[in-house]
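Visitor: Please put the model up. I have some questions about it.

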Amino acid sequence: MTSSRPEASQSPWEMVDAPRRQGRRRLWRLRKSPTGLLGAVIVLCVTTVMLLAPEIVPHDPEKIDLQQRLVPPIWAEGGSGTHVLGTDQLGRDVLSRIVLGTRVSLLVGLAGVSLAMLTGVFLGVTSGFLGGWWDMLVSRALDTFLAIPFIILALAVIGVLGVKGGNNMLRLILVLGLANWVIFTRVVRGEVLAVKERDYVEAARAIGQRSWRIMLGYVLPNVMASIIVLSALQISTVIIAEASLSFLGLGVQPPTITWGIMLADGRDHLATSWWLATFPGLAITVTVLGFILWGDWLRDVLDPRLRE
Amino acid sequence: MTTYLASRLLQMVPSLFLLTVALFVLMRLGGDPVMHLAHPEASPEEIAEIRAAYGFDRPWPEQYWKQLLMMLRGDFGESFRFRSPALPLVLEKLPATMELALVSMLVALLIAIPSGLISAIYQNSPLDLAVTAISTLGRAMPNFWIGIMMILLFAVYLEWLPVSGRLETTSIVLPALTLGTSVATSLARILRSSMLEVIRQEYMTTAKAKGLHRWVVIMGHGLRNALIPFVTVFGLQMAWLLGGSVIVEEVFAWPGMGRLLLNSVKVRDLSVVMAGVCVFALVVMATNLLVDFLYTTLDPRIRYSS
């Protein structure tokens with residue numbers, strides 16, 4: 001962040017123009033990275049599909065047509081031209097359902113990451129900056145959460161809250177947030193420990209700024225790059241987690257359409273209808289791949305230190 | 001060594017304490033335990049009687065203490081589904097889960113070590129690009145989908161292997177491949193980057209200059225040093241693998257702890273859920289401890305005296 005500060009020798013006009021030029025340079029770097037570009041294109045496409053889903057579906061995704069049960073995709077033997085990716089056990093159009101499924105996957109993914117980020121950053125900044133008993137408590141909680149695999153943690157929470165009833169979308173977002181704050185706290189806390197030793201923090205303290213103002217005004221902006229990169233990378237993790245929980249029957253419940261539920265349904269018809277389990281999985285893979293490539297590129301540009 | 005072991009075990013205590021507190025709070029959030037014990041038409045007086053008899057009218061810290069002592073004795077209460085103590089039910093399924101986890105880890109190592117090595121030695125060759133591309137793709141594929149696709153290919157179309165269950169010896173092949181490949185991708189990536197770092201070290205040049213055979217240099221001097229960061233990630237991946245086993249056990253109907261836990265969650269058999277979570281956490285902690293000891297054999301510079 002500090003490296004973007006213009007040099008003293010620059011004219012005032014250049015200083016005003018600097019951020020814009022830097023933005024352009026970053027875009028240029030995206031063009032030089034084919035995988036980053038591929039990721040950005042996929043992310044853009046998936047987001048467009050999510051936003052336009054109800055307008056662009058070729059069929060009503062919930063319309064049951066028993067005469068058109070288990071129709072194979074268009075290129076397979078017995079396929080029909082009206083259902084490009086075939087139909088499911090109730091005669092519903094697979095392509096339309098995948099398109100509409102984008103919404104839940106992405107929305108739950110984004111909400112889950114946001115919740116994890118807010119919690120994780122709050123705990124990371126406060127524990128790193130304030131130290132003392134609070135830091136000790138947060139660090140112990142980190143160790144404990146690291147010892148429990150995500151899915152086991154989710155099972156414990158969902159087991160207590162119950163699978164049926166209530167707002168299962170909200171519950172899912174809560175579980176995803178609860179399971180993913182750890183990584184944000186760990187990274188942010190580490191960075192805050194370094195940032196708080198810097199001179200400008202010392203200076204802010206010397207002029208009598210309050211702790212919360214220093215945290216918000218001086219510490220947080222300096223760890224922002226890592227937070228952005230980490231959020232982008234975590235979206236892929238959370239999308240897979242959502243699909244897994246929905247697949248296990250613990251996430252969003254039918255009749256809401258998600259890729260995980262479609263996969264679970266498709267599993268029961270593997271012997272006769274391969275396409276039911278194949279295409280939703282492909283949709284997940286392509287979406288997640290997009291976020292991974294985009295996130296990796298963002299990391300290389302904004303914060304190369306996070307590279308493994 | 002013994003002092004190190006003792007200090008590591010002591011470090012586990014606060015984590016375990018927090019875990020039991022979290023489980024206690026979660027169980028209380030799950031509803032009034034008295035309601036599970038009383039019959040549906042119990043009068044308020046009867047309910048109050050049960051509450052006093054089981055100590056549920058006592059302050060929370062006291063209740064927690066009582067429950068902690070019970071947990072330490074291995075008493076997690078009774079499963080209402082099986083009408084028997086919860087912990088033995090979970091432990092009975094532990095061997096199946098460990099068997100799957102160990103075989104999967106072996107599969108992961110057999111895939112990750114050669115591919116990570118080759119892609120580091122032949123950096124930027126087509127072979128390296130292929131390994132990198134496949135491991136990126138592996139990161140993007142959910143493991144349950146890989147499992148379903150394997151069933152489709154090997155069990156439904158080729159009919160080489162059984163679809164699910166644990167009746168034949170070949171039953172473990174598909175679940176272990178599924179779980180193993182999903183871990184292998186990240187392990188191969190780590191080995192590649194740590195090997196690339198090691199290759200640039202001076203002792204590698206020295207070893208080459210001594211006239212040692214190429215593979216002696218790579219295996220004896222290179223791999224051994226590259227394995228140190230690899231082992232760290234290996235420990236973390238073991239936790240991930242145990243979590244992933246829940247999903248893979250469900251896909252392949254493998255009769256392990258994960259499946260028992262999942263089915264108990266669905267019917268809210270809370271005592272089994274809590275016992276299962278505790279056993280999983282303990283297994284993960286024990287694995288991490290084991291990984292720490294692997295360091296000493298790999299790197300004699302690390303001695304656990306302090």
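The questions and answers below go from the chain interface to single residues.

Guide: This is a predicted model, in which local features need pLDDT of at least 70, side-chain atom pairs count only at pLDDT 80 or more, and totals for chains, interfaces and linings use all residues. Residues are numbered from 1 along each chain as its sequence is written, with chains lettered from A and ligands numbered from 1 in the order in which they are written.

Visitor: Which element gives the most to the side of chain A that touches chain B?
Guide: Contact here means C-beta atoms, placed from the backbone, within 7 Å. By that rule 38 residues of chain A meet 41 residues of chain B. Elements of chain A that give two or more residues to this side are α4 (132-147), α5 (150-161), α8 (211-247), α9 (259-267) and α10 (275-302). With nine residues, the top contributor is α5(A).

Visitor: How many residues on that side of chain A are nonpolar?
Guide: Ala, Val, Leu, Ile, Met, Phe, Trp, Tyr, Cys and Pro count as nonpolar, Asp, Glu, Lys and Arg as charged, and the others, Gly among them, as polar. The side has seven polar and four charged residues, and its nonpolar residues number 27.

Visitor: What radius of gyration does chain B have?
Guide: The radius is taken over C-alpha atoms, and the globule rule is 2.2 Å times the number of residues to the power 0.38. Along the principal axes, the C-alpha atoms of chain B fill a box of roughly 90 × 60 × 30 Å. A compact globule of 306 residues would come near 19 Å, but chain B has 24 Å.

Visitor: How many residues of helix α11 of chain B are buried?
Guide: Helices are DSSP runs (H or I, at least four residues), numbered from the N terminus. Buried means 20 or more other C-beta atoms within 10 Å of a residue's own, exposed 12 or fewer, and partly exposed in between, with C-beta atoms placed from the backbone. Among the buried residues of α11(B) are Met257(B), Arg259(B) and Val265(B). The helix, residues 257-266, is largely enclosed by the rest of the structure, because its buried residues number eight of the 10.

Visitor: Is Asn124(B) buried or exposed?
Guide: Asn124(B) sits in the loop between α5 (86-121) and α6 (126-140) of chain B. Its phi is positive, about 65 degrees, although it is not a glycine. Most residues other than glycine have a negative phi. With 9 other C-beta atoms within 10 Å, Asn124(B) is exposed.

Technical notes:
Contact = placed C-beta atoms within 7 Å.
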